[in-house]
Amino acid sequence: MNNDIDLSQIKSPADIRKMNLQELTVLAAEMRSKLLEKLSAHGGHIGPNLGMVEAIIALHYVFDTPEDKIVFDVSHQTYPHKMLTGRMEAFTDPAHYDDVTGYTNPAESEYDLFSLGHTSSAVALAAGIAKARDLKGEKENVVAVIGDGSLSGGVAFEGLDYGATLGSNFIVIVNDNQMSIAENHGGIYADLRLLRNTNGTAEPNLFRSMGYAYRYVNYGNDLKSLIEMFRAVKDIDHPVVVHINTMKGMGLPVAEANKEEFHYGSPFDLKTGEPLHPEMPDSPEDYGEFFGRHISDVIKENGKVVAITAGTPGVLGFDPARRRAAGRQFIDVGIAEQAAVDVASGLAKAGMRPVVGFVSSFLQRAYDQFSQDIALNREAATFVVFYGTMFGMNDETHLGFFDIALLSNIPNLLFLAPTCKEEFQSMLDWALTRQDRLPVIVRTPGGVALSDPQITLLDDYSKPEYEIVREGKDAALIGAGAMFRFMSQAADLLAEKGVNVTLINPRNLSTLDTAALDRLKDFKIVITAEDGIVDGGYGQKVASYLGEAPVKVVNLGLPKEFLNRYNYSELQQRCGLTPAQIADKVLAELK
């Protein structure tokens, strides 16, 4: 197809509303081509965006945005939306690829209503906007765009349940590409499949049952069909669900064939789909792979162990082969973290040994379940936290360093912070197979599974028992989890200067080893470091306990901020967390 569209001239949706269908078709092809260029060179969410090109063009073509309001669920499928709303250069010029975030962001554009990186909330958010519109007597259209995978989240059902009662213009676009990050799980998907197979005519129909009018577009990548449907529901006076059947990864054959692998990816070869920067054969494995391999072996030997994910099996190292091998001992509840925690609680109550893997940024969605249904009831479920680190995902919607402050202060919940893969496995095995009295969180120390053969392992982690790795006088360094490595390096730097410090691995971040801390009361300085925010974190527990002693306590960690696309090294420097900075702080105090 000839390039008849100058993408640089697309400054706003008004520029495409002057086009005819043929021109829009060319536009879609050109946009998809540029998306492929950027995604293959830069990485990002591949399948979700390729599958939504036509739908987003049709939305902006029909609806009078930004007066009409569109809320995109998760918003990891909004690259085409950004291209049409004044940010085209960020997708056509490599020098500007990093000008925009990977999600909607109101700081970038008036067309972006929320910063959204978590799932299932768009319908409820849009319902709130629609209610405000009605109260103010205004008339704009309000549209929520949500994927079929996101429908498995509880707040999606809650939003749909309320939205059906509005009695006014409320349009829900269900983008059904038959996939979550991996395959979908849940009873709702049989209903969606039946609707697809009957061209939207089947009954019962979940959406009609909830009170919505219902429309169906069988080929959701066809501009003509989409435009006609969106025109039909524009300015509607009652809630309606428009169910569109799209192709995830549309236009990239390897992504169409491997939807899970190409949900999100690093730079890749456009022809083959192979990574441009593959890992070396001797690269250290990450904790996801380590966990998946180890728990797969445990499952083979122990019929009571059940691995659980809330829609992110790849994070746990459970690829399709491991999922098949685990069979009924692997559960994917869909993108429903609350359900994952409660299913684990129920399994534990019935005598099973559940282990749930969470991306740190997502576990906050289940705080109430952790507090009430796990900790209050003392159910012996095990939870493993991945990417709980300043060195993990760095978008403001996916920060992983709030978990220590969030969960280590819940009563009855044991929060363990291993420092290496040997300690991680030891804590995991103890929690999962050698104790049945406590709910336990085991936080992976960063991404790469580093080894420390010298680590002292315990037979029982239920009681606080700090490991005093080095004995010194005057100063103590307490390094939690991944921060222990930096504290150890700082201790080496100090030893080179003739200063010997006490070096401690606390292991347990929810309960203090007061006997160990009592030995530090006459020191000149105690420094704690954690891979999480300082406010409400582990270090402040130490400082509170030592508050009446003459020792000076310094808590190192991260600021209580929504940091966005930060530089890892710069943040570490800013927070005083490099080994050299830690050593200098000790030297300055001792002088």
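Mentor: In this predicted model, Phe291 is buried, with a relative accessible area of 0%.

Trainee: Is Phe386 buried or exposed?

Mentor: Phe386 is buried, with a relative accessible area of 2%.

Trainee: By what is a pair of aromatic rings described?

Mentor: One gives the distance of the centres and the angle of the planes. A search of the whole structure finds 19 aromatic pairs. One of them joins Tyr79 and Phe91, with 5.8 Å from centre to centre and 40 degrees between the planes, and is tilted. Tyr79 belongs to helix H4 (residues 79-84) and Phe91 to helix H5 (residues 89-92), so this pair ties together parts that are twelve residues apart in sequence. Tyr79 and Phe91 are both buried.

Trainee: What kind of pair do Phe291 and Phe386 form?

Mentor: Their ring centres are 5.5 Å apart and their planes stand at 85 degrees, so the pair is edge-to-face; planes over 60 degrees apart count as such. Phe291 is in helix H12 (residues 287-301) and Phe386 in strand E11 (residues 382-386), so the pair links distant parts of the chain, 95 residues apart.

Trainee: Which residues do ring pairs link into a cluster?

Mentor: The cluster consists of Phe391, Phe401, Phe402, Phe486, Phe562, Tyr566 and Tyr568. Over the face of Phe486 lies Arg485, at 4.7 Å from the ring centre.

Trainee: Which residue lies over the face of Phe91?

Mentor: That residue is Lys38, at 4.2 Å from the ring centre.

Trainee: Which residues touch the most other members of the largest nonpolar core?

Mentor: This core has 53 residues, and Leu27 and Ile57 touch the most other members. With neighbours within four places in sequence left aside, the contacts of Leu27 are Ile5, Leu7, Ile16, Met19, Ile57 and Leu84. Another core, of 43 residues, lies apart from it and includes Ala344, Leu363, Leu509 and Leu520.

Trainee: In what order do the six strands form the open sheet?

Mentor: The order is E9-E8-E10-E11-E13-E12, and the pairing is parallel. Strand E9 (330-332) and strand E12 (414-416) are the edge strands, each pairing on one side only. On average, neighbouring strands of this sheet are turned by 20 degrees against each other, direction ignored.

Trainee: How many bridges join strand E8 to strand E10?

Mentor: Five bridges join strand E8 (residues 305-309) to strand E10 (residues 353-359), and the two run parallel. Pro354 in E10 is the bridge partner of Val306.

Trainee: Which strands does helix H14 lie across?

Mentor: Helix H14 (residues 337-349) lies across E8, E9, E10 and E11, and runs at about 165 degrees to E10.

Definitions and conventions: Residues numbered from 1 in each chain as written. Predicted model: local features only at pLDDT ≥ 70, side-chain atom pairs only at ≥ 80, totals over all residues. Heavy atoms only, no water. Phe/Tyr/Trp six-rings, centres within 6.5 Å; stacked < 30°, edge-to-face > 60°. Helix = DSSP H or I, 4+ residues; strand = E, 2+ residues; numbered from the N terminus. Buried < 20%, exposed > 50% of the residue type's maximum accessible area, 1.4 Å probe, protein only. Lys NZ or Arg CZ within 6 Å of the ring centre and 35° of its normal. Core = buried A, V, L, I, M, F, W, Y, C linked by side-chain atoms within 4.5 Å. Contact = heavy atoms within 4.5 Å. Pairing = 2+ DSSP bridges. Axes fitted to C-alpha atoms, helices over the stretch in contact; angles between N-to-C directions.
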